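Hi,

Here is the structure I promised to pass on. My notes on cavities and the disulfide follow below it.

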Amino acid sequence: MKVYQSIAAAVLASAMIFPTAVPAFAAQDQRSQAPGIQKQDTLRWVAPQDLKIGTAVAGGGHHETQGYPAPFPNDKEYLRHLAAEFDSVSPENQLKWEFVHPARDAYRFAEMDAIVQFAQENKQVVRGHTLFWHSQNPAWLEQGNFSKDELRAILKEHIQTVVGRYAGKIQQWDVANEIFDDSGKLRTTDNIWIRELGPEIIGDAFRWAHEADPQAKLFFNDYNVESLNAKSDAYLDLIPKLQAQGVPVDGFAVQGHLSTQYGFPADLQANLQRFDDLGLETAITEIDVRMRVPAGTQPTAAQLAEQASYYQRALQACVNVDECNSFTIWGFTDKYSWVPVFFANEGEATVMWNDFTRKPAYYALQDTLEQASPGRGNR
Ligand code: XIL
């Protein structure tokens with residue numbers, strides 16, 4: 001089996017030092033750099049000990065069509081904020097099948113190895129995303145006309161290889177992503193595994209992941225499950241059934257891709273709580289809050305305040321639920337957000353502007369974390 005060698009180690013070496021403050025005169029002299037980041041003035045500093053504050057690490061996926069080098073590990077200013085602000089990181093695309101497993105007998109681990117190394121250098125945990133999904137699969141898999149036995153062997157080998165490689169280094173895995181449609185029906189058509197191998201394969205994916213890393217916490221992850229609705233009901237029904245069969249499921253994760261045009265999901269906390277009541281861990285894994293911004297215009301102060309309120313309420317919901325222990329934003333700067341690429345006329349969905357300056361949403365998160373854990377945090 002061919003395994004690509006790490007290419008990024010040298011580039012990263014210089015960026016892995018926890019950032020220290022840059023003197024004011026230096027910041028003025030180098031306007032292309034972010035101002036110095038005081039470690040006491042970050043999200044991770046004020047986060048409660050039992051709540052990881054995370055971000056996606058930009059690379060792969062839509063970034064490859066944007067005409068800039070992969071943000072990780074090339075954008076030094078980006079790396080400084082990534083190290084300073086967060087104590088959890090999630091590969092945005094670097095562990096998806098199309099990226100990490102580009103041919104049947106070839107894996108591409110260089111980028112993920114570099115992310116894991118960066119995380120260790122900066123005392124961050126890592127969320128693995130994802131092993132079992134209907135999207136971003138390589139053509140060799142989707143169009144391979146494999147037999148059932150072959151497909152099962154391919155999935156097992158992938159999970160053993162990828163989870164095994166990072167055993168002890170990935171804290172939580174989104175084992176299965178988006179297995180239900182919005183009506184709460186299993187994706188029996190577009191998910192190749194469920195279509196070809198039946199729903200029982202879902203439990204096998206969790207079993208194989210657990211065998212490869214018994215310490216890792218194993219999650220279901222989905223969008224449009226913020227609220228009490230048919231889709232979240234489907235998970236509430238499925239997970240205890242799997243657990244009764246001995247399937248190692250530890251948690252239920254809500255992605256949290258919100259848009260101000262749909263209103264805030266006011267029942268988010270109640271929804272997380274009913275999974276907590278089952279003894280599950282919960283997490284918010286991909287939050288962003290997009291808004292309507294017609295091309296060439298800027299968001300208004302009122303829009304920014306509304307966005308900040310969405311982030312604040314989502315974080316507060318997680319803080320209020322005992323075992324909601326991970327809150328991850330899907331990118332921290334608009335410079336690299338997937339939103340304008342995927343949602344027409346919507347954007348500005350993250351907590352920092354293109355130049356890494358902070359929006360009201362950033363301060364809403366910082367204040368909420370501080371209040372959740374006054375005088376304690378991760379200091
Ligand atoms: C997105 C990435 O942000 C993009 O870079 C990529 O082009 C497409 O996928 N739900 C998920 C994430 O679970 O993996 C998706 O990420 C966003 C929706």
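The largest cavity is lined by A56, A58, Y78, E92, W330, G331, F332, T333, Y336 and S337. On a 1 Å grid over the protein atoms alone, a cavity is a set of points where a 1.4 Å probe fits but cannot get out, and lining residues have an atom within 4 Å of a point. This is a predicted model, where local features need pLDDT of at least 70, side-chain atom pairs count only at pLDDT 80 or more, and totals for chains, interfaces and linings use all residues. Residues are numbered from 1 along each chain as its sequence is written, and side-chain values use heavy atoms, with hydrogens and water left out.

About 60 Å³ of space lies in that largest cavity, counting the space filled by probe spheres set on the points, with grid points joined across faces, edges and corners. The search of the whole structure turned up two cavities of 30 Å³ or more.

The second largest cavity holds about 30 Å³. Its lining is K96, W97, T130, L131, F132, W133, S135, Q136 and N137. Strand β5 (residues 125–132) gives the most to this lining, with three residues; strands are DSSP runs of E, at least two residues, numbered from the N terminus.

On to the cysteines: there is one disulfide, meaning a pair of cysteine sulfur atoms within 2.5 Å. The partners are C318 and C324, with their sulfur atoms 2.1 Å apart. The S-S torsion is about -100°, so this disulfide is left-handed.

Cheers

Notes:
On a 1 Å grid over the protein atoms alone, a cavity is a set of points where a 1.4 Å probe fits but cannot get out, and a pocket is an open set with protein on both sides within 12 Å along at least five of seven lines; lining residues have an atom within 4 Å of a point. Helices (H or I, at least four residues) and strands (E, at least two) are DSSP runs, numbered from the N terminus.
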